[in-house]
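Here is a short briefing on salt bridges. Look at the structure first, then read on.

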Amino acid sequence: MGEVSQKIMIPESFQFQVSSYDIAGQLTLMWDLIKTPLLVPLLTLGVYISLAMSLMLFMERVYMGIVIILVKLFWKKPEKRYKWEAMQDDIESGNLNFPVVLVQIPMFNEKEVYKLSIGAASNLSWPADRLVIQVLDDSTDPAIKQMVELECQRWASKGINIRYQIRENRTGYKAGALKEGLKRSYVKHCEHVCIFDADFQPEPDFLRRAIPFLVNNPDIALVQARWRFVNANECLLTRMQEMSLDYHFTVEQEVGSATHAFFGFNEDLNEKMNLNTGTAGVWRIAAINDAGGWKDRTTVEDMDLAVRASLRGWKFVYLGDLQVKSELPSTFKAFRFQQHRWSCGPANLFRKMVMEIVRNKTVKFWKKVYVIYSFFFVRKIIAHMVTFCFYCVVLPLTILVPEVKVPIWGAVYIPSVITILNSVGTPRSIHLLFYWILFENVMSLHRTKATLIGLLEAGRVNEWVVTEKLGNTLQKAADAKKSNTKAPRKSRFRFTDR
């Protein structure tokens, strides 16, 4: 009896549809199996943690908002809160009543801006015999080193006491250069040191406005000026940076100084970073020595010094109306490197100093709380992480997992208030607020990564990339275009970097 085989003929298109439906069904089933027992609890926990971080940041912003309003309405200006008397020339004693001031200008291959900074420092209105200008050049390009040295010689021929200093290596980067500069024999008779990065251009009366605070108030270690950005209107990137930094200077620094609370010596941002940090301020050299001097254990040597000086009981004064011209990074590549240092450095410093702050017996308990919780934890760690974790990860995931609910006050009200408070420093850019929100969210991933690297002390924790500065190159090009002359050729950046 023969066997009869039967073949069922199914169209190929139908087989493909059945297979596709089966895969989609399996994926849906797997999603449902994973979502309820695993994703929902994890995402719910993420929502609670994010809301807690948002509340901490919200309370910090509201606190500073209230204080800055009270400061603007009722607080006296620094000249009224501290002893301040203008420095006067004395016919009998000559210039002896003027303290000897050292001006340090750290540089690294600053081809475009070295003339601007050296010229601005040389034009400071201060007795020539009571002023020492020190150009600390760590450049690796021999041609640039020669140009900087010739510029120093040019000003020296005009009677300016300017010294050109180089090192055999870049050990310690900027902190190493500043520390080495203070060891010179001709610095021993200097009482104060003023630091300007290579793109900073102080006005001639800078020292006459800042030094009296140090002369008449022996407990003040630092007088910090505000940065004014000469290229803020160059592109949308610089406008976004201006909005973020103006809040720091208009609110955070003002609140910290007015309430005699701790605030760090400014970090550049020019990037962040490059040699654009811890600048436009006048330090009392005795306070630097008392705090242990410059240290290169982190990439935020200025903040490190400010923390140690604060723990020793020294005070700081911020002068919001004393402004120094500076430059913002105008390429995303430069800005990204700067932000890495500004985010990684404070987190790493927090890791190294938290127990030292706790064990300190000089500072009062509430000041310790302020430094650890408010200055470091909320502003330097939470502020970066909450933006990325909550707004870029948790909230988008709740769309895929509707079982997890986010309160409207956490998703809408708190972020709106924080955003509005952050924008008060730059009212002229209020119409760019939407772009600023997107900009900050994009950068939050990079800042969060840098913060974790600093906390964990991972591979790039001590990465130092100098920020490229353009000086007046752009202005020269614009002027040349208007006059129909050939602009100086400058390979500024690639289109992809822009």
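Aspartate 321 forms a salt bridge with arginine 209, and their closest N and O atoms are 3.6 Å apart. A salt bridge here is a side-chain nitrogen of Lys or Arg within 4 Å of a carboxyl oxygen of Asp or Glu. The structure holds 15 salt bridges. This is a predicted model: local features need pLDDT of at least 70, side-chain atom pairs count only at pLDDT 80 or more, and totals for chains, interfaces and linings use all residues. Residues are numbered from 1 along each chain as its sequence is written, and side-chain values use heavy atoms, with hydrogens and water left out.

**Aspartate 321 and arginine 209**
- Aspartate 321 is partly exposed, at 45% relative accessible area.
- Arginine 209 also counts as partly exposed, at 27%.
- The terms have cut-offs: buried means under 20% relative accessible area, exposed means over 50%, and partly exposed lies in between (1.4 Å probe, protein chains only).

**Glutamate 60 and arginine 379**
- These two side chains meet in a salt bridge, 3.0 Å from N to O.
- Glutamate 60 is buried, with 5% relative accessibility.
- Arginine 379 is buried, with a relative accessible area of 8%.

**Arginine 297 and aspartate 304**
- A salt bridge links the side chains of arginine 297 and aspartate 304, at 2.8 Å from N to O.
- Arginine 297 is partly exposed at 25%, while aspartate 304 is buried at 0%.
- Arg297, Asp304 and Arg308 form one network, joined by salt bridges that share partners.

**Background**
- Side chains of opposite charge can pair when their charged atoms come close.
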